[in-house]
Amino acid sequence: MVRQAETEFLMDNSAPTKEIGLDELWTEIRSLGLESYIKDLDRDGYTVIPPEIANPNNLCQRLLDVCLSIAETRSGIRPDVLNGNSLNTSSVIGDTLKAIFLEDPVFEEALMNPALLAISTYLCGYDIVLSSMNFQTKGPSDLKFKLHTDTRLPSPLPARALLCKCIFALTDFDRDHGSTAFVPGSQDWARNPIGEEKVFGEKGSQHAIPTVAPAGSLIIFHGNTWHGAFNRRLPGLRASLHLLMQRSMLRCTENLYDRVSEEILGRNSARFALLTQQAIIPPYTDHDDQVAKITRALKYTSAFEQESGIALAAKR
């Protein structure tokens, strides 16, 4: 017998009419001095947070050191940032190191970066989760990454962001260093580029501009923003840490659910548990399994609500 009343008591499926916690969020945005970067984001679909805000306690250098060590452990080769080449010379993005989040506490610090959280929450709400975290290195090449969106749905795309990408520039970003290319304002078009629209650069058809961001910067963009990457012209590697942040109703790329230890959860805030997918309700097999998973999710959402004073709209 299905105990429907019990399930309804545990989970509220009502859809919110507006983003939750906007007053608290804007207080945080103002306290961090991010208002001008929010304006850039709304106008252009992306923003670049400078090192003096995005790089507390030399975070990006510590991230780079740890990522290089993980790469060396996994492959036996330590990437040479100053003079090296990509191992995967046929890839437009170079070499990618995946599933690294649980390898070192510095990645917890990157996820909880105040500027990253404030702006990604502005785009996707307090229900946001980390979908994946990757380390990328890209050496000299003639290959450009064609324009695309990260929303990955058929056009037309929903105007409100379902996801956003956050990139820590661990080395300098500019045209010659192979930086990300953006088409400013393209997030408002709510569609994917097609055909020759994907081509950009010196002979391209789109007005895509290179990101200029010194090492230690944080680049954040709307999931609908048209972007790609210029090829690197100079010796050495462009190094970056990529966090894909998305609304929790979407399927995550990397599975963190029930894999983050109590030790890690205990040394972080209640919001950290939400960000690392602990409050997601995965597919269930029967009613008892459903109730157990909803109850587990409520433990984490309730802790966040008590910590923050922000009532989340849906327990899913």
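A salt bridge is a side-chain nitrogen of Lys or Arg within 4 Å of a carboxyl oxygen of Asp or Glu. The model is predicted, so local features need pLDDT of at least 70 and side-chain atom pairs count only at pLDDT 80 or more, while totals for chains, interfaces and linings use all residues. Residues are numbered from 1 along each chain as its sequence is written, and side-chain values use heavy atoms, with hydrogens and water left out.

**Exercise 1.** State how many salt bridges the whole structure holds, and which residues D40 is networked with.

Solution. A search of the whole structure gives 13 salt bridges. D40 is linked with R43 and D44 in a network of salt bridges. R43 counts as exposed, at 51% relative accessibility, whereas D44 counts as buried, at 14% (buried is under 20% relative accessible area, exposed over 50%, partly exposed in between; 1.4 Å probe, protein chains only).

**Exercise 2.** Locate D150 and K165 and describe their contact.

Solution. D150 and K165 form a salt bridge, with the closest N and O atoms 3.3 Å apart. The pair links distant parts of the chain, 15 residues apart: D150 is in the loop between strand 4 (145–148) and strand 5 (163–169), and K165 is in strand 5. Helices (H or I, at least four residues) and strands (E, at least two) are DSSP runs, numbered from the N terminus. Both D150 and K165 are buried.

**Exercise 3.** Explain the spacing of D289 and K293 in helix 10.

Solution. The side chains of D289 and K293 meet in a salt bridge of 3.1 Å, N to O. Because D289 and K293 are four residues apart in helix 10 (residues 287–308), about one helical turn separates them. K293 counts as buried, at 17% relative accessibility.
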